[in-house]
Amino acid sequence: MNRMTVVQSYIGETHYRQIPAPDALLPKVLERIVNGIAINSAYTTKILPPEKEGGLPRHVGNKTECALLGFVLDLKQDYQAIRNEIPEEKLYKVYTFNSARKSMSTVLKNVDGSFRMYSKGASEILLRK
């Protein structure tokens, strides 16, 4: 079975040629990465335990989002705990992916009334915004 995975990352001006240890990242940076992936992915996309012992975890939903959620798990973080804390009903606005926009964004309203937006998509689109 062919499945997507994250094998390298560029975080905070550092190119990691393999998945970094969580303590290699600043805690605030780790939190933003994990929250951004957990919240700005379809909540129906998830990684489930293997069906049989020794098997691979089951990927349910969008393959790219599963790869990102797998990255969160590789960082020893729990994306489902974040989703439980911030259920879909609490999301202020979700701009779902489409081929024209080539990106997805999710907006959260903070307790102080300000907003935070997480975005993912084609780099040539996101860097232009």
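This is a predicted model: local features need pLDDT of at least 70, side-chain atom pairs count only at pLDDT 80 or more; totals for chains, interfaces and linings use all residues.
User: Which residues make the contact between α1 and α2?

Analyst: From α1 they are Ile33, Val34, Ile37 and Ala38, and from α2 they are Leu68, Leu69, Phe71 and Val72. Contact means heavy atoms within 4.5 Å, so these residues have heavy atoms inside that limit.

User: Why is the pairing of lysine 120 and serine 41 called a polar contact?

Analyst: Let's set the value against the cut-off. A polar contact needs a pair of N or O atoms within 3.5 Å, one able to donate a hydrogen and the other to accept it. The side chains of lysine 120 and serine 41 are joined at 3.3 Å, so the distance passes. The lysine 120 side chain also reaches the backbone oxygen of asparagine 40 at 2.8 Å.

User: Where is lysine 120, and what else does this residue touch?

Analyst: Lysine 120 lies in strand β7 (residues 115-121). Not counting residues up to four places away in sequence, its contacts include Glu65, Leu68, Ser103, Met104 and Leu126.

User: Which residues lie nearest the centre of the largest pocket, and what is its volume?

Analyst: Lysine 120 turns up again! The volume is about 610 Å³. Of 22 lining residues, Tyr10, Ile37, Leu68, Ser119 and Lys120 lie nearest the centre. At least two lining residues come from each of β1 (9-11), α1, α2, β7 and α4 (123-126). By class, the lining has ten nonpolar, nine polar and three charged residues.

User: Which element gives the most to the lining of the second largest pocket?

Analyst: That is α1, with five residues. This pocket has a volume of about 400 Å³. Among its 15 lining residues, the closest to the centre are Asn35, Glu85, Ile86, Leu108 and Asn110.

User: How many of its lining residues are charged?

Analyst: Seven are charged, alongside six nonpolar and two polar ones. Asp, Glu, Lys and Arg count as charged, so Glu85 belongs to that class.

Key. Residues are numbered from 1 along each chain as its sequence is written. Side-chain values use heavy atoms; hydrogens and water are left out. Helices (H or I, at least four residues) and strands (E, at least two) are DSSP runs, numbered from the N terminus. On a 1 Å grid over the protein atoms alone, a cavity is a set of points where a 1.4 Å probe fits but cannot get out, and a pocket is an open set with protein on both sides within 12 Å along at least five of seven lines; lining residues have an atom within 4 Å of a point. Grid points are joined across faces, edges and corners, and a volume is the space filled by probe spheres set on the points.
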